[in-house]
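I opened this entry to keep track of what I looked up, in the order I looked. The structure comes before the notes.

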Amino acid sequence: MSLSELANPTRFLSLTTRILPWLAGLTAILLAIGLYQSVQAPDDYQQGATVKIMFIHVPNAWLSMFVWGVMSLASLGTLVWRHPLADVAAKAAAPIGAAFTFLALVTGSLWGRPMWGTYWEWDARLTSVLILFLMYLGLIALWRAVEDPSRAARAAAVLTLVGAINIPIIKFSVDWWNTLHQPASVMKMGGSSLDRAFLIPLLVMAVAFSLLFITLHLAAMRNEILRRRLRALQMLQASKPVALPQ
Amino acid sequence: MTLGPYASFIVTSYALVAAVVAILIAWIALDHRRVKARLHEMEASGVSRRSGRSATDLS
């Protein structure tokens, strides 16, 4: 099945109905393996057991940016190629991205308190991620405020693409500014500086959370397609002539 | 396994992630059920798609 064939919502629904149970099962298995490895991972010589927060904080932080990337691609699909599923994909991804960003902020804060001595610091990394979270909420509010899905989609697509400027700022904030947040230790030039005992559980959890996002995103897209069918039927019903009493 | 003096921070982090993921899953599942039920109601009242296919047909 090609990408253009998937542009048909009915074909997309048929495909998601078939693959969702498999994706959900694979996600659950990988999450279980990742959690087991996270529990079994040794303590860090400096951070002690608090290093275990990394196994959930980092995947959520990566996904908070990745989901905005997916929404940016979908926004291009809306504005440039007018793909019928593009704005469905963007709209369905926003609440999931907001949840991952919220978790990245809160788990980071809970990790920061014992390590830095503070829950929050207005440094470049933390502030730019907070802005990302607020942008997710703004997009969700925009989609809810505009009734016509196609008008909302265009406005949201422009806002998403403008907001994409924040993604490299988040990524490189630890290099460009003097921040309390540590610099990149997994994805960096010259390879990861993490020991394999921490790197492997972290990568397993990252793959598991990515699969979780794909599963939830496809399910949310399916809901959005059905919601648009419902809207179309409601409009059809409203346009039917009403027999007036004689 | 001992979690040391900061056990509450670690346990709270994992519990919060579990709770938010569970809420996301439940929200999407309930939304699916609600939209499908409304589509069924609409079709039962005689409104159907132009194609004639059921709006809740996912196959």
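**Confidence.** I am working from a predicted model. Chain A has a mean pLDDT of 90, with 95% of its residues at 70 or more.

**Helix α2 of chain A.** I checked its length against its residue count. Residues 54–81 make 28 residues, so at 1.5 Å a residue the helix should span 40 Å; the end C-alpha atoms are 39 Å apart, which agrees. Just after α2(A), I noted a positive phi of about 50 degrees at R82(A).

**W62(A).** This residue sits in helix α2 of chain A. The C-alpha atom of W62(A) is 9.4 Å from that of K171(A), 109 residues away along the chain.

**Core.** The largest nonpolar core holds 69 residues, and V67(A), A89(A), A90(A), A93(A) and I96(A) touch the most other members. Elements giving two or more residues to this core include α2 and α3 (86–116) of chain A and also α1 (7–44) of chain B. The most come from α7(A), with 17 residues. Leaving out residues up to four places away in sequence, I listed the contacts of A90(A); among them are M71(A), T78(A), A157(A) and T160(A).

**Contact between chains.** I found 32 residues of chain A and 27 of chain B in the contact. The chain B side divides into 18 nonpolar, 5 polar and 4 charged residues.

Definitions and conventions:
Residues numbered from 1 in each chain as written. Chains lettered and ligands numbered in written order. Predicted model: local features only at pLDDT ≥ 70, side-chain atom pairs only at ≥ 80, totals over all residues. Helix = DSSP H or I, 4+ residues; strand = E, 2+ residues; numbered from the N terminus. Expected span 1.5 Å × (residues − 1). Contact = placed C-beta atoms within 7 Å. Nonpolar A, V, L, I, M, F, W, Y, C, P; charged D, E, K, R; others polar. pLDDT = per-residue confidence, 0-100. Core = buried A, V, L, I, M, F, W, Y, C linked by C-beta atoms within 7 Å. Buried ≥ 20, exposed ≤ 12 C-beta atoms within 10 Å, placed from the backbone.
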